[in-house]
Amino acid sequence: MVTVAEQIVEVLRQAGVERVYGVVGDSLNPLVDAIRRTEGISWVHVRNEEAGAFAAAAEAQLTGRLAVCAGSCGPGNTHLIQGLYDAQRSGVPVLALASHIPSGQIGTGFFQETHPERVFTDCSSWCEMLSTPAQLPRLLRVAVQHALGARGVSVLAFPGDVAALPAAGPTGESRFLTEPGTVQPPAGQLTALAEALNDAEKVAVFAGAGVRGAHAEVMELAGLLNAPVGHSLRGKEWIQYDNPYDVGMSGLLGYGACHEALHEADLVLLLGTDFPYDSFLPRTRTVQIDHDPTRLGRRTPLELAVHGDVGATLRAVLPRLEQKKDRSFLDGMLDKHCKALETVVGAYTRDIAGHRPIHPEYVASVLDELASDDAVFTVDTGMCNVWAARYLTPNGRRRVIGSFLHGSMANALPHAIGAQLAFPERQIVSMSGDGGIGMLLGELLTVAKYRLPVKTVVFNNGALGMIKLEMLVSGYPESEIDNGDVDYAAIARACGVPAERVTDPVRLREVLADALSRPGPVLVDVVTDPNALSIPPHITAAQLKGFALAAGRTVLSGGVGRMIDLARSNLRNIPRP
């Protein structure tokens, strides 16, 4: 006799699923037992279902394949929500299996009763309840294909007792569509795009994650238009490397001349970006290209909206573009970008050996130098986002992932767990803030249990650094942001993870090099300066007033790591008459 739970697992295997992240519970027992008895799929025991959802999100983001997490009825379900929001906002295919209370008790206020078909609606693009065996396998296949096709979260809820019932019929086989088609823009939009780009004297490009796979096309475009190229945080890993037109990043974590280039251009071209901070955009003279038509124009008014894949659109429009002769706008922005970086580079190079607590910028810059060329960095929300944005050097092979759209704390370590299980031989580095790792500290036990070779670097400033910055710019004195003086290395060792605590900057390079080269998991707890904060490249008068009102704190510009070398190289390569 094949049960409903076994049929669920069989469909998951047909979809290529190799693991399910979760915490076991009574309503999940039929599913967990079916996984135990099935070759090629395993249960990953995390300490909190939230971490399981984060881990699944990271696996899906890095592989592009369906990843699965599960939660038992009631609290097990609701713990999933944070990580599912992250997956949904990041646009990655995740299936959540949410078991429910016994079917005969639904609606009676039974122990641990929630309504998963309602609870998960806002953090998913598909959410349905499996009520009878006859709904399988079709309903699960719909859930899987929806997650893969919509690039988001599907939730299948089912009562635990239903999962234990006999299946209503054979599972059969059905192939899933895993590679979506490429959106080609209409001919009229291509003509209008070519005309707009040819007519503008000064064009600036702002690239997001949608330029993945289109690096060569963007470089050719920038060369024809003599256009400076800036990027969002999610676009950095796909466009900054081998880029002689790079002018940095805009937004709250930004640096360089990107903001200035966007505001001085006659025409701004948004490529595959859903950049949410509209106050950093010029809000005029803008053209946007995106494969998702719902994103067009929702951040800023558009002169032209182009519905198409970035790479396909650029390949179609490039033959229609004229080579611009005047490089003065591009060269001017490259010069300003280089000077902007040179003015802040000293923030992490001056008096490093004698500065205690250690500059977090210095930690990030050394980590960037020592990490593998194909390392995957998982980054906690907060100040770690700043250090990753400014110090991690992309090369087309490295990956940098985080909760960049949902902005959840504590994502780095569970993201690293999912990344490491998906890529056992790859170097996975978790850049964890002390606030983040403290929130899901139990996942060190998961790392230890599976002996995952995750390298966790804790930026331990004893405070919620980004919240401190938000208070400063708003004119509030800092309050309730103190995390205390916690020795995370000691905690890690107690969990069975080898660890070092670093307070002396002279030891930092040696300790990080040893950690990265060592087999198995390692945690490095670096005590960093709580006063090392970051300011964006453009701040308002009100924010300046806030800094003044909250005077007494040191606010550093954050440095820029090895990006200064790229900027100087680009400046040297400017053609001279």
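## Overall picture

The accessible surface of the chain comes to about 22,400 Å², and carbon and sulfur atoms account for 51% of that area. The model is a predicted one, and the values that follow were computed from its atoms. Of the 577 residues in the chain, 58% count as buried, and the secondary structure comprises 23 helices and 19 strands.

How many aromatic pairs does the chain contain? The count comes to 2. Phe206 and Phe275 form an edge-to-face pair, with 5.1 Å from centre to centre and 80° between the planes of the rings.

## Charged side chains over rings

Arg426 lies over the face of Phe423, at 5.3 Å from the ring centre. Lys449 lies over the face of Tyr450, also at 5.3 Å from the ring centre.

## Helix α20 and its surroundings

Helix α20 covers residues 488-495, and within this helix Tyr488, Ala489 and Ala492 are buried. Why can these residues be said to line one face of the helix? Seen down the axis of α20, the buried residues fall within an arc of 100°, and therefore they line one face. The elements that cover them include helices α17 (434-439) and α18 (443-449), together with strands β17 (455-460), β18 (499-502) and β19 (522-527).

Both ends of α20 can also be described. The N-terminal end is capped by Asp487, a side-chain oxygen of which lies 3.1 Å from the backbone nitrogen of Ala489. After the helix comes Gly496, whose phi is positive, near 95°.

## Backbone features in loops

Most residues other than glycine have a negative phi, and most peptide bonds are trans. Against that background, Gln112 has a positive phi of about 65° although it is not a glycine. Gln112 is placed in the loop between β4 and α5, and at 28% relative accessibility it counts as partly exposed. Asn226 likewise is not a glycine and has a positive phi, of about 50°; this residue is found in the loop between α9 (215-225) and β8 (229-231). Is Asn226 buried or exposed? Asn226 is buried, with a relative accessible area of 5%.

A cis peptide bond joins Leu136 and Pro137, with omega at about 0°. Pro137 lies in the loop between β5 (126-129) and α6 (138-150).

His115 is located in the loop between β4 (94-100) and α5 (116-119), and with a relative accessible area of 24% it is partly exposed. The C-alpha atoms of His115 and Met129 are separated by 9.7 Å, and these residues are 14 apart along the chain.

Glu342 is found in helix α13 (residues 328-344), where it counts as partly exposed at 36% relative accessibility. Glu342 and Gly256 are 86 residues apart in sequence, and their C-alpha atoms are 9.6 Å apart in space.

Definitions and conventions: Residues numbered from 1 in each chain as written. Predicted model: local features only at pLDDT ≥ 70, side-chain atom pairs only at ≥ 80, totals over all residues. Heavy atoms only, no water. Helix = DSSP H or I, 4+ residues; strand = E, 2+ residues; numbered from the N terminus. Buried < 20%, exposed > 50% of the residue type's maximum accessible area, 1.4 Å probe, protein only. Areas by Shrake-Rupley, 256 points an atom, 1.4 Å probe, with all protein chains shown as cover. Phe/Tyr/Trp six-rings, centres within 6.5 Å; stacked < 30°, edge-to-face > 60°. Lys NZ or Arg CZ within 6 Å of the ring centre and 35° of its normal. Arc of directions from axis to C-beta. Contact = heavy atoms within 4.5 Å. Polar contact = N/O pair within 3.5 Å; in protein donor to acceptor, adjacent residues only side chain to side chain.
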